[in-house]
Each structure stands twice: as C-alpha cells, then as structure tokens.
Amino acid sequence: MKRKSVYSLILFASLIIILLLSLFYYHHKQEKYQQLTQLTFKAMNKGVTPSETKPYLKASTSKNSDITFYKKFNFERKYYIKIRVVGIDSKSPLLIGTQGDLLGKKVTVPEYDMTKIKYEPYTNYYTLTVKDKKTSLKSIDYQDFRKNKGRKVYESKHYSIKNKVESQKNVEKLNMPELNHNKSKLYAAIIYYGSKQVNIERWKELTNSPKGWQVNQMNDGRKLVWRDKNIQSEQKQLAPNYFKLDQNGVDYRSFIIHSNGKEMHEYVTNQIILDYINQKIQRVKHVNKMSKEIKITKY
C-alpha cells in the first residue's frame, strides 16, 4: 500500500509539473508571437499605406486584422505569414473635383463618396526573418507562400471593419433635426454650400473667412451674411449676400453691383445641401469647425 501511495504521489507530482511546464510553454509562445505580430504590423505599415485611403482607414493592427504564422521544422527563425486586412472595395464610387498639390502644381484628386463607401477583406503574404535581434519583412506572392509555408504555429483572428474605420466614422453625418436645433451649424452648412456650389459669384467671397462670419436675422426672414463675425455697423457699407429659409430648402440671394438693386438668386433643397456635405469627411469636419466661428444676431 505504501509503495502504491508513493507511485501515486510521484504520478500526481509529475502531472503537476507537466501541467506547469505546458502552461509556461503556452504563455511563452503567446508572448513570443504577440511580439512578432507587433513587429510585423509595424514593418508592414511603415511607408506603405496609400495616401488615398488615409482619410478613411486606420493603420492595420492586430486589433483589426487576422494574422497567421507558419514555420518549417528547422532552427532558422523564418516565418511565413498570412494577413487579412480591411480594405476599400474597388467598386466604391469616387468623387472628382477636389483640388490637391502634386509637385507644386494644382491637380484634381479623386476621393471616395463617404455616403457610399464600402469595405472588403484583402489577404497579403509575407516572410518575416529574425536574425541577431533584427527583423526583415518581405512581401511574397501566394504561390511562394503555399509552397514553403510549413505548418501553422500561431493564429490571431480580430478582423474588424468597425475597429478599422472607427476613428473616421466618429464624425457623424449632418441631418436636418440636428441642424434645426443648432442654428450655428445650420448656417455654417448653408454658407459652406453657398460658397462652394451656388452659381452666384459674390457667394464665393464667403469662402474661408479667417475672422469668421456674422449672420443677422432680420424680421422679414432674411439672413444677412458678413465675412467678419465681429463686424460693426459702420463697417457694413456694401449690401451683403443673404438667404431665406423655408421648410424644404434655402433661397440664396445677392444683389448685382451697378444694377439698380437687381438681385440674383438660386434655390437649393435641404437634401441637396446635406448630400453634398455628407459625401466627404473633410466637408463635415469643415462645417463643424465653421459653426464655432459664426455669430448670430437678431434685428
């Protein structure tokens, strides 16, 4: 009986040791591959993110992508890696008309329509070589990967569109209920659209006013727009651009210089204004910024 008890004790102790060693090995393996994962994404993102996707996508990381390591049975620290990342669907519609700089010249730059942009997974293949505490990441094709990958040794699955685009989507699209409760933002949206899209030349004068804008709400329904939010009465010499509102849209107006009081006007629906601004993240951000530089006064 004593001998059996000793054998049982030894067996139990051996199982405990094996369990502890297994846990230690698992923890060490997880820690090792988590470090390799960080090194891989750091190397992958270094200087390779296309500039046209930066306004729409965060950098690929282990929190928004899938990554799988493969390795052959040898002592060489060379890993074959498959990474599944969030990308922009090639069928997402583009908008043409944004101005950008290329080698000091103004060029037309296409941008994605924020209201219609779609995302899809892209799979890329790499080799990661670790030698003398230095890492080297190399992009390879699928055939090379398939032929030489070895066996799977680690996998992390966190592919997530939400985590990939979250930082860009925190800019909420404009909507009429919000604008109706926030006059500064409503007027900012109207002025922004008027300065960019309305075919009345004097409305272009309201673009990018460094001193903000002043909107005078008149008793007859007119909203007079001045380029300086702190402009004084004695400085208001020339009749300004103005607009009127109804339930469905905006009537942009501006008098014609040397025309004996004749006016130009253009009517635009609320939906057209909202659709135009919401098409691009930058436009929504610009309107939000403008709204903080608008002073509203009543007459």
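Buried here means under 20% relative accessible area, exposed means over 50%, and partly exposed is what falls in between (1.4 Å probe, protein chains only). These views come from a predicted model, in which local features need pLDDT of at least 70 and side-chain atom pairs count only at pLDDT 80 or more, while totals for chains, interfaces and linings use all residues. Residues are numbered from 1 along each chain as its sequence is written, and side-chain values use heavy atoms, with hydrogens and water left out.

**View 1**
R84 is partly exposed, at 31% relative accessible area. It forms a salt bridge with D66 (a side-chain nitrogen of Lys or Arg within 4 Å of a carboxyl oxygen of Asp or Glu), and the closest N and O atoms are 3.3 Å apart. D66 belongs to strand β1 and R84 to strand β2, so this contact ties together parts 18 residues apart in sequence. Strands (E, at least two residues) and helices (H or I, at least four) are DSSP runs numbered from the N terminus. D66 itself is buried, at 8%. K157 joins in too: D66, R84 and K157 are linked in a network of salt bridges. The charged end of R84 also sits over the ring of Y159, 4.1 Å from its centre; for that, NZ of Lys or CZ of Arg has to be within 6 Å of the ring centre and within 35 degrees of the ring normal.

A search of the whole structure turns up 13 aromatic pairs. In this one, the ring centres of F69 and Y79 are 6.0 Å apart and the planes stand at 85 degrees, so the pair is edge-to-face. Rings of Phe, Tyr and Trp (its six-membered ring) pair if their centres lie within 6.5 Å, with planes under 30 degrees apart called stacked, over 60 edge-to-face and the rest tilted. F69 lies in β1 (residues 66-71) and Y79 in β2 (residues 78-88), 10 residues apart. F69 is buried, at 0%, and Y79 is buried as well, at 0%.

**View 1**
Y192 counts as buried at 8%, and so does Y276 at 13%.

**View 2. Six strands make an open, mixed sheet.**
The strand order is β12-β11-β10-β9-β8-β13, where two strands pair if DSSP finds at least two bridges between them. The edges are β12 (263-269) and β13 (294-298); each has a single partner strand, so one side of each is left without a neighbour in the sheet. Within the sheet, β9 (residues 223-226) and β10 (residues 241-245) are antiparallel over 3 bridges, and V225 has N241 as its bridge partner in β10.

**View 3. R253 and E263 bridge neighbouring strands of the sheet.**
R253 forms a salt bridge with E263, with 3.1 Å between the closest N and O atoms. R253 is in β11 and E263 in β12, so the contact ties together parts 10 residues apart in sequence. E263 is partly exposed, at 33%.
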